[in-house]
Amino acid sequence: MLQGRESELAAVDALLAGAREGRSGALVIRGDAGIGKSALLAYAAERARGGLTVLRGSGVEQEMELPFAGLHLLLRGVLDGADALPDGQARALRGALGLGQAPPGTDRFLVGLAVLTLLAGLAEERPLAVLVDDAHWLDHSSAQALLFAARRLEAEGVALVFAARDDDRPFAAPGVPELRLGGLAAEPAARLLREHAPDLAPAVCEQVMGQAQGNPLALIELPATLSPQQRAGALPVQAVGSGSLPAPGRVLRTFHERLAALPDDTRTLLAIAAADSGELGLVIEAARRLGGSLEAVTPAETARLIHIADGTLHFRHPLARTAAYRQVPITVRLAVHRALADALDGRPDAATRRAWHLAAAATGPDESTALALERSAEEARGRGGYAAVSAAYERAAQLSAGRDGRGRRLAAAARAAAESGQHQRAETLAGQALPQLADPLELAQLAETRAMIATARGRNDQAHPALAAAARALSTGGDPAAATELYFEAMTTAWLAGDFPALAAIAAQAATSPEGARAHPLWRAVAGLGSLATDEPERRLPWLREVIEGVRATAEPDGLQQRAQLAIWDMLIGDDHASRERAAALEHDCRTAGAIGVLPVALLLKARAEMLSGRHREARASAGEGLRLTRDTEQSQYADLLTGITAYLSAIEGDEDQVRELTGLISGSDDPGSVGMRYAALNLIDLVRGRYEPVVRRAGDYALHAPAARTMMLLHRAPDVVEAAARLGRLDVARTVNRRVQIWAPLTGQPWARAVGLRCTALLSEGADADRAYADAVRLHRHGGRIFERARTELLYGEWLRRERRSGQSRPLLESAMEIFESLGSRPWAERARGELRAAGRRHLADPARRDRSDLADLLTAQELQIVRMAADGMSNKQIAARLFISPRTVGYHLHKVFPKLNVASRGELARLRLD
């Protein structure tokens, strides 16, 4: 029993109990060195015996730069389970662990999905406890894969526990619950001290406890440095540690003191073990090269600093390893790394380790070592370990003999860091590379990297200048086709940033490109997008639509990221159906290819198209999954937009508390799209509550000045302002905004858009003019399109007819509006229509709360609906899991829950249900 850790033990027991019952959970145990994290993991391993399979792994400080080293250590005994994984996941995992070649362009998150599926498969046979110590020392790629799996655990029967030290290399694990360990209270600390040092005099106990500060390792290790006279209290104990050090520092100092008492050859041998993995054969070979032998290990074993098991020299505690490495002089450390590099020479699987030991032994520029590191970086790239690629290139740059090599390698390090999601580090490396480069192509590639970093951090205002600079460099460097593609990307990010002067400037810059650029399919789009910065961009919109559609028909990009870039411009075209179809195709291809990193933007585009098309349930499901993925993949740049979509859907449903909460989450965003969705959600909830003044006030802040005012998105927001201003009698505002609506409404060629334009005209008209505009709008709405807008038009027309004492004509319109609102879950809008119906003479209306729930899809959560639809199409649990990036066990769990909801007994019955 661990002293003083009752609540912490209970938390571990609960996690293991959940795994036994088929539930999954993850936990990060945090605390200082020696505080008891490893002891809690040992307790978890002991409690798991007999009922759970236990996998144990650890981060190793000396292997932090080796790609997927921690993952290999954890999974090496269960890798035969990779044979059962979906093919793409199996190849990604084998490639990551050096057991095969990962396919080129493999998504960096696919390894994490493979880990999730592998763990879930193991748990099918028996619940699983996965325990990872020293997680702060995991290599970045292993940590990323394990955290991806941890965040998506649900119903597999897996308990995943990390132990991580609080120090200068934090283990960031957003979204995973934490348990923080503090020092022991006085009574359990005293019990622990008496247990391990029962002969200490009472006064000495008090002194040791004061210096240990409740740190269990300090309570155990500090007495070990005391002489018998000190233990008895006959001599002072001031020599124990240092009064100014925290407890872990004092323990480290005791290890230094114990190591200092060992023979020199023993200390050298321990430094060799500490500098690598501790593999006994390698330690002996390196020691032999320095004149040592295995016999030197005996004093360290006698001093209880190390033990040997399974062919490996293990240190008693990571602090002992740290002390063993630091306590030898720098000249010895250099010799140790050189000896290890020589001992690894010729091993086919050790080229990367050898390169890093050569780097550690270098004392100045060393081009041969830099080349070895560069080769190791490319080997890591083939395995998908981009963080390791970056680290190797950065160290190679430090060892480069010339400026050109240094700049090229720093740029490569920056690119790999960006690809691994280390955006702050990537930005620093890119800044260091810039003054070292002169070649136009290399400068263009670096500018593209900087744009990638800016985009990932939600800074489109920084991305488009970098892309334009890269395009200019490529254009002058003789690659006009690539330059045109970058100009198009620069245009897109400038538009998203709302920087209209930049659009014109980029177009002018692109116009100076060589003649060959004009043959590229995107050239006309680049030229046309510049016109959107003018006062009358609508004049160019029909031509631009033709260009964009032409690009899709003749030169659709192959890359998923490039297709997503092109799909962003669908907001200009105004064809909701085509936008949704294209976004759905992009989503499908992301799932098929396992492109988890691109999927959030695909889901964002799909959610927006579904929202505008009136498929609100699907929009909420897409936005919800997109938000989960932005968290799991740490791509927060899309989170605000997805949150804005969810807020607008909540506004349609009339959930004001949810609208206020969600818009509050994005209130600090300066992204124009997110700001626009925030205003749209707030406007809609204010409008249905009859609060018109805030809507008009926001129009002055935003409506006519944002990027949406120059696209078809204007028709999603401006009609609310027209209605609110008309209700307030603010006809000047209503007419100003309506003029913009009337320009844009005909340009889509969509009946719903013209109908909304007519509705706005009717709001500002009287008598026969208003009647005619409303009637024409209702007729156009019935050709299809945005059904929520149709219901709003019918409601407004019905209200107008009732006020004109034409109640008989108003009732069919009001009833249609009420039914549409109810089908969309728009409660306050439906209640408003119901009130108007009663006022129009319809006395007997069914209570919506008592209506039969004929829509089975309403009974399911968004994820359950996705799973049921795929199962109804005949997909297996394994296939569904691969498409949704969850585990097959979780798919089965959700199907087990939904069968009673849908009153079915088998998968075969699902195909007969209406789940549209």
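Tutor: Let's start with pLDDT, the predictor's confidence in each residue, from 0 to 100. This is a predicted model, where local features need pLDDT of at least 70, side-chain atom pairs count only at pLDDT 80 or more, and totals for chains, interfaces and linings use all residues. Residues are numbered from 1 along each chain as its sequence is written, and side-chain values use heavy atoms, with hydrogens and water left out.

Student: What is the mean pLDDT of the protein chain?

Tutor: The mean is 87, and 92% of the residues reach 70 or more.

Student: And where is confidence lowest and highest?

Tutor: Helix 27 (residues 541–555) is lowest, with a mean of 67, while strand 3 (residues 128–133) is highest, at 97. Helices (H or I, at least four residues) and strands (E, at least two) are DSSP runs, numbered from the N terminus. Over residues 239–243, pLDDT is below 50. Where pLDDT is low, the predicted coordinates should not be read in detail.

Student: Switching to His423: which helix is that in?

Tutor: His423 belongs to helix 21 (residues 423–433).

Student: Is His423 buried or exposed?

Tutor: Buried, because its relative accessibility is 15%; buried means under 20% relative accessible area, exposed over 50%, partly exposed in between (1.4 Å probe, protein chains only).

Student: Which residues is His423 in contact with, leaving aside neighbours within four places in sequence?

Tutor: Ala418, Ile453, Ala456 and Arg457, where contact means heavy atoms within 4.5 Å.

Student: How about cysteines: why does Cys590 count as buried?

Tutor: Because Cys590 has 0% relative accessibility. Cys760 counts as buried at 0% too.
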